[in-house]
Amino acid sequence: TRQMSEQEKQQDHHSYYLLAGGVDGRIHQWTVCNNLFPDAKVVYVPGHDGRVNALLTCDDLRAAVSIGNDGLVKCWKLDCNESFSSVCSINVNDECHSVQDTNTQEAKTQEVSTIKLTCSCILFEQQDLAIIGIGTACGKVLLAEISRDEKSDDVMSIGLLDERTTVESSSDLIGGCNIHSIASQNNHIIIGHSKGISIWEPDLQTKHR
């Protein structure tokens, strides 16, 4: 859930948003009136091709972020006086990734056709910027930056900053390493996956300058 700002409360008598993603790819938004769920009004929109696996709210950006099995990261504008709408997105399947060949120790580039995004968390947030961590079903953790244009609240963008493979092994083992949880604490990313727990300490101070 996300609590509305004082400005939003003055413009509308509702107090909270409740967001949910469905297995059918839709994003549901309830605007809860006076904390009474039966009086909530609901809006739902198509969001992903397939299951929605995680939703985050970025309070400073007044936005929500969804990820799904289709490899899309989508940013949604949260405004009580406007329709619930997607303002930007990125498909991680369009990116080329460098994979280390453990036999020859030579880096080679391969096109990843399908990357399912499984979980996410907020790593850093300020007024016009947020950095999120994203877990995948292929053993990788991605860092994405969401930023708002200084001149317009309606213009936002998403870009990938970095990636890390949680299991350094052959490609068949990496493919079998599903990341099922991700959390942030003291500038560390704690990654729970099918082969155990990994900890990553990215240099976020450098990345958001």
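This is a predicted model: local features need pLDDT of at least 70, side-chain atom pairs count only at pLDDT 80 or more; totals for chains, interfaces and linings use all residues.
Me: What share of the residues is buried?
Reply: Buried means under 20% relative accessible area. Of the 209 residues in the chain, 45% are buried.

Me: Which secondary structure elements does the chain have?
Reply: The chain has 17 strands and 3 helices. Among contacts between residues at least 6 apart in sequence, 40% join residues at least 24 apart.

Me: Take His 48. Where is His 48 found?
Reply: His 48 lies in the loop that runs between strand E4 (36-46) and strand E5 (52-58).

Me: Is His 48 buried or exposed?
Reply: His 48 counts as buried because its relative accessibility is 8%.

Me: Which residues is His 48 in contact with, beyond its neighbours within four places in sequence?
Reply: These include Asp 24, Gly 25 and Ile 27, as well as Ser 66, Ile 67 and Gly 68. Asp 70, Leu 72 and Lys 74 are also in contact with His 48. With Ser 66 there is a polar contact between the two side chains, at 2.8 Å.

Me: How is a pair of aromatic rings described, and how many aromatic pairs does the structure hold?
Reply: Such a pair is described by the distance of the centres and the angle of the planes. This structure holds 0 aromatic pairs.

Me: Which residue lies over the face of Tyr 44?
Reply: Arg 26 does, at 4.2 Å from the ring centre.

Methods: Residues are numbered from 1 along each chain as its sequence is written. Side-chain values use heavy atoms; hydrogens and water are left out. Rings of Phe, Tyr and Trp (its six-membered ring) pair if their centres lie within 6.5 Å; planes under 30 degrees apart count as stacked, over 60 as edge-to-face and the rest as tilted. A charge sits over a ring if NZ of Lys or CZ of Arg is within 6 Å of the ring centre and within 35 degrees of the ring normal. Helices (H or I, at least four residues) and strands (E, at least two) are DSSP runs, numbered from the N terminus. Buried means under 20% relative accessible area, exposed over 50%, partly exposed in between (1.4 Å probe, protein chains only). Contact means heavy atoms within 4.5 Å. A polar contact is a pair of N or O atoms within 3.5 Å; within protein, one must be able to donate a hydrogen and the other to accept it, and residues adjacent in sequence count only if both atoms are side-chain atoms.
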